[in-house]
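Here is a short briefing on the model shown below. Fold, surface and chain contact are taken up by topic.

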Amino acid sequence: MPKKVYAGVEVDVDEEGYMTNMEQWTPDIAKEIARELGIELTDAHWKVINYLREKAKEGKLPTLRKLGKSGVVNIKELYQLFPNGPLKKAAKIAGLPKPKGCV
Amino acid sequence: MEEKKRKVSIICSKANLEDVYAALILANGARMEGIEAEIFFTFFGLDAITKKRMDKLHTPVVGNPGLRLPGGLPFPTLLGIIPGMEAMVSFMMKKEMEKLDIPPVSEFLDMIKAAGGRIYACKLAMEMFKLKKEDLYDDIDGILTVGEFYERAEGSQIIFV
């Protein structure tokens, strides 16, 4: 399995750089992944990241539609926070697997 | 990352539920991948952006060999001629789609717009069906001739549905 070092910690990732073990994630790691994607994390980003991690712990990553209706963020804001691929980028920063859904 | 500019221009020419959803899912999916997306609704496809009709689209129950009964048996064409059958089948289809978190057409258009996608109507088809701008989804980006569509689609991949 490929590994990558973020914030001085070695973590397991897949071929595309998505973390495969969400337990290894730390906020510092998130900041580094975000920087790689050209994103500087703000409070609004953190709200999305924390929400996604909460949902992932319950075992279900929300679709873009559900995320847009979560009350945490709407779809327009999501595209502003995570340009060019909101769900994928947010999941990557949150240390979650690549989203598999079509909607 | 993947910052090379890609763009898709999708033409939706049909009003069948499954064709309209193909166009919408392609457009929304493109935006989710960071690909620019536009949909040009023409001919019967205009139903999908006509306020009165957009959330009442049907799937054809006659002449649709892909349609199955629950359980997988082919849907007999003769069943399709029963009044109300098309509405019922379409209702069931929408219920199944909702389970997969696929939104109704009007909400899907809102999502695509919020995602930065663009929605256009065909001028000629509107004239043909005597449709006015007020009849259409409020947030469309414009009414285009075929020439204007091609101008906008410069450099993009064109998908015809």
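Predicted model: local features only at pLDDT ≥ 70, side-chain atom pairs only at ≥ 80, totals over all residues.

**Fold of chain B**
- Chain B holds five helices and five strands.
- Read from the N terminus, the order of elements is β-α-β-α-α-β-α-β-α-β.
- The radius of gyration of chain B is 17 Å, close to the 15 Å that the globule rule gives for 161 residues, so chain B is as compact as a globular protein of that length.
- The C-alpha trace of chain B spans about 45 × 45 × 25 Å along its principal axes.

**Packing and surface of chain B**
- Buried residues make up 45% of the 161 in chain B.
- Take the contacts in chain B between residues at least 6 apart in sequence: 71% of them join residues at least 24 apart.

**Contact between chains A and B**
- Chain A brings 18 residues to the contact, and chain B brings 20 residues.
- Together the chains bury about 1600 Å², with 54% given by carbon and sulfur atoms.
- On the chain A side, Arg65(A), Tyr79(A) and Val103(A) lose the most area to chain B. These three residues together account for 42% of what the chain A side buries.

How values were computed. Residues numbered from 1 in each chain as written. Chains lettered and ligands numbered in written order. Heavy atoms only, no water. Helix = DSSP H or I, 4+ residues; strand = E, 2+ residues; numbered from the N terminus. Rg over C-alpha atoms; globule rule 2.2 N^0.38 Å. Buried < 20%, exposed > 50% of the residue type's maximum accessible area, 1.4 Å probe, protein only. Contact = heavy atoms within 4.5 Å. Buried area = accessible area lost by both parts, 1.4 Å probe.
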